[in-house]
Amino acid sequence: MNDLTLRVIVVNTGTKYDSWYNNNIKHMIDTYSGLEYDEFHVLQDDRYEMQVANKLIMFEKFTDGQNIYFDLDTIINHFLARELLSHQ
(Lines give C-alpha, C1' and ligand atoms only; values in the text may rest on other atoms or scores of the structure.)
Protein backbone atom coordinates (compact mmCIF):
# COMPACT_ATOMS: atom_id res chain seq x y z
CA MET A 1 0.00 0.00 0.00
CA ASN A 2 1.48 3.38 -0.89
CA ASP A 3 1.27 6.70 0.97
CA LEU A 4 -1.51 7.99 -1.28
CA THR A 5 -3.98 5.29 -0.29
CA LEU A 6 -6.96 6.67 1.64
CA ARG A 7 -8.70 4.35 4.04
CA VAL A 8 -12.01 5.18 5.75
CA ILE A 9 -12.41 3.58 9.18
CA VAL A 10 -15.46 3.24 11.41
CA VAL A 11 -15.73 1.25 14.63
CA ASN A 12 -18.89 -0.67 15.52
CA THR A 13 -18.61 -2.66 18.72
CA GLY A 14 -21.09 -3.48 21.42
CA THR A 15 -24.85 -3.36 20.88
CA LYS A 16 -25.60 0.37 20.64
CA TYR A 17 -25.39 0.54 16.83
CA ASP A 18 -26.54 -2.09 14.35
CA SER A 19 -25.41 -2.59 10.74
CA TRP A 20 -27.78 0.15 9.53
CA TYR A 21 -25.30 2.69 10.92
CA ASN A 22 -22.40 1.09 9.00
CA ASN A 23 -24.39 1.30 5.79
CA ASN A 24 -25.63 4.82 6.51
CA ILE A 25 -22.20 6.32 7.19
CA LYS A 26 -20.86 4.70 3.99
CA HIS A 27 -23.83 6.08 2.04
CA MET A 28 -23.23 9.61 3.38
CA ILE A 29 -19.51 9.41 2.63
CA ASP A 30 -20.16 8.15 -0.91
CA THR A 31 -23.00 10.59 -1.60
CA TYR A 32 -21.90 13.81 0.08
CA SER A 33 -18.24 13.82 1.06
CA GLY A 34 -16.51 13.85 -2.30
CA LEU A 35 -13.79 11.67 -0.76
CA GLU A 36 -12.10 9.28 -3.13
CA TYR A 37 -11.05 6.44 -0.89
CA ASP A 38 -9.50 3.08 -1.62
CA GLU A 39 -10.79 1.09 1.34
CA PHE A 40 -13.71 1.21 3.77
CA HIS A 41 -13.25 -0.73 7.00
CA VAL A 42 -15.68 -1.43 9.81
CA LEU A 43 -13.77 -2.58 12.88
CA GLN A 44 -15.87 -4.90 14.99
CA ASP A 45 -13.19 -6.19 17.36
CA ASP A 46 -14.78 -6.14 20.79
CA ARG A 47 -11.67 -6.61 22.97
CA TYR A 48 -12.39 -4.17 25.77
CA GLU A 49 -15.31 -3.81 28.14
CA MET A 50 -15.07 -0.02 27.86
CA GLN A 51 -16.36 0.36 24.29
CA VAL A 52 -14.51 3.59 23.55
CA ALA A 53 -11.21 1.74 24.05
CA ASN A 54 -12.02 -0.49 21.06
CA LYS A 55 -11.47 2.53 18.81
CA LEU A 56 -7.79 2.40 19.71
CA ILE A 57 -7.46 -0.88 17.80
CA MET A 58 -7.40 1.11 14.56
CA PHE A 59 -3.96 2.47 15.48
CA GLU A 60 -2.68 -1.09 15.78
CA LYS A 61 -4.24 -2.39 12.56
CA PHE A 62 -3.75 0.52 10.18
CA THR A 63 -0.24 1.91 10.24
CA ASP A 64 0.23 2.67 6.55
CA GLY A 65 -1.40 4.96 4.02
CA GLN A 66 -3.72 7.79 4.99
CA ASN A 67 -6.56 7.03 7.36
CA ILE A 68 -9.68 8.97 8.21
CA TYR A 69 -12.00 7.95 11.01
CA PHE A 70 -15.70 8.72 11.41
CA ASP A 71 -17.93 8.02 14.40
CA LEU A 72 -21.02 6.08 13.34
CA ASP A 73 -23.31 8.90 14.46
CA THR A 74 -21.52 11.53 12.33
CA ILE A 75 -23.74 13.38 9.88
CA ILE A 76 -22.01 14.14 6.60
CA ASN A 77 -23.45 16.83 4.40
CA HIS A 78 -22.17 19.16 1.69
CA PHE A 79 -20.74 21.60 4.26
CA LEU A 80 -18.58 18.92 5.85
CA ALA A 81 -17.55 17.78 2.39
CA ARG A 82 -16.17 21.25 1.56
CA GLU A 83 -14.19 21.24 4.83
CA LEU A 84 -12.75 17.78 4.18
CA LEU A 85 -11.76 18.54 0.62
CA SER A 86 -10.09 21.82 1.58
CA HIS A 87 -7.61 19.79 3.68
CA GLN A 88 -6.77 17.02 1.19
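**View 1. Ser-33 is found in helix α1.** In this predicted model, local features need pLDDT of at least 70 and side-chain atom pairs count only at pLDDT 80 or more, whereas totals for chains, interfaces and linings use all residues. Residues are numbered from 1 along each chain as its sequence is written, and side-chain values use heavy atoms, with hydrogens and water left out. Ser-33 counts as buried because its relative accessibility is 0%, where buried means under 20% relative accessible area, exposed means over 50%, and partly exposed lies in between (1.4 Å probe, protein chains only). The side chain of Ser-33 has a polar atom 2.5 Å from the backbone oxygen of Ile-29, and a polar atom of that side chain also lies 3.0 Å from the backbone nitrogen of Leu-35. Both descriptions rest on the idea of a polar contact, a pair of N or O atoms within 3.5 Å; within protein, one must be able to donate a hydrogen and the other to accept it, and residues adjacent in sequence count only if both atoms are side-chain atoms.

**View 2. Helix α1 has 15 residues.** From its first C-alpha to its last, α1 reaches 20 Å, close to the 21 Å expected at 1.5 Å a residue, the expected span being 1.5 Å times one less than the number of residues in the helix. Which residues of α1 are buried? They are Asn-22, Ile-25, Met-28, Ile-29 and Ser-33. Seen down the axis of α1, these buried residues fall within an arc of 135°, so they line one face of the helix; the arc is that of the directions from the helix axis to the C-beta atoms. An α-helix has 3.6 residues a turn, so residues three or four places apart point the same way. After α1 comes Gly-34, whose phi is positive, near 75°.

**View 3. The largest nonpolar core has 11 residues in all.** A nonpolar core is a set of buried Ala, Val, Leu, Ile, Met, Phe, Trp, Tyr and Cys residues joined through side-chain atoms within 4.5 Å. Here the members are Leu-6, Val-8, Val-10, Tyr-17, Ile-25, Met-28, Ile-29, Leu-35, Phe-70, Leu-72 and Ile-76, and the elements that give two or more residues to this core are β1 (6-11) and α1 (19-33). Apart from it lies another core, of 5 residues, including Ile-9, Leu-43, Met-58 and Phe-62. In soluble globular proteins, nonpolar side chains tend to be buried together.

**View 4. Ile-76 lies in the loop between β3 (66-69) and α3 (78-85).** Ile-76 counts as buried because its relative accessibility is 2%. Leaving aside its neighbours within four places in sequence, Ile-76 is in contact (heavy atoms within 4.5 Å) with Ile-25, Met-28, Ile-29, Tyr-32, Ser-33 and Phe-70. Although Ile-76 and Thr-31 are 45 residues apart in sequence, their C-alpha atoms are 9.0 Å apart in space.

**View 5. Leu-35 lies in the loop between α1 and β2 (39-43).** With a relative accessibility of 11%, Leu-35 counts as buried. The C-alpha atoms of Leu-35 and Val-8 are separated by 9.4 Å, while the two residues are 27 residues apart along the chain.

**View 6. Lys-55 is placed in the loop between β2 and α2 (57-61).** Lys-55 counts as partly exposed because its relative accessibility is 26%. Leaving aside its neighbours within four places in sequence, Lys-55 is in contact with Val-11, Tyr-69 and Asp-71. The side chain of Lys-55 is joined to that of Tyr-69 by a polar contact of 3.4 Å, and to that of Asp-71 by a polar contact of 2.8 Å.

**View 7. The chain holds 3 helices and 3 strands.** Helices (H or I, at least four residues) and strands (E, at least two) are DSSP runs, numbered from the N terminus, and read along the sequence they follow the pattern β-α-β-α-β-α. Of the 88 residues in the chain, 31% are buried.
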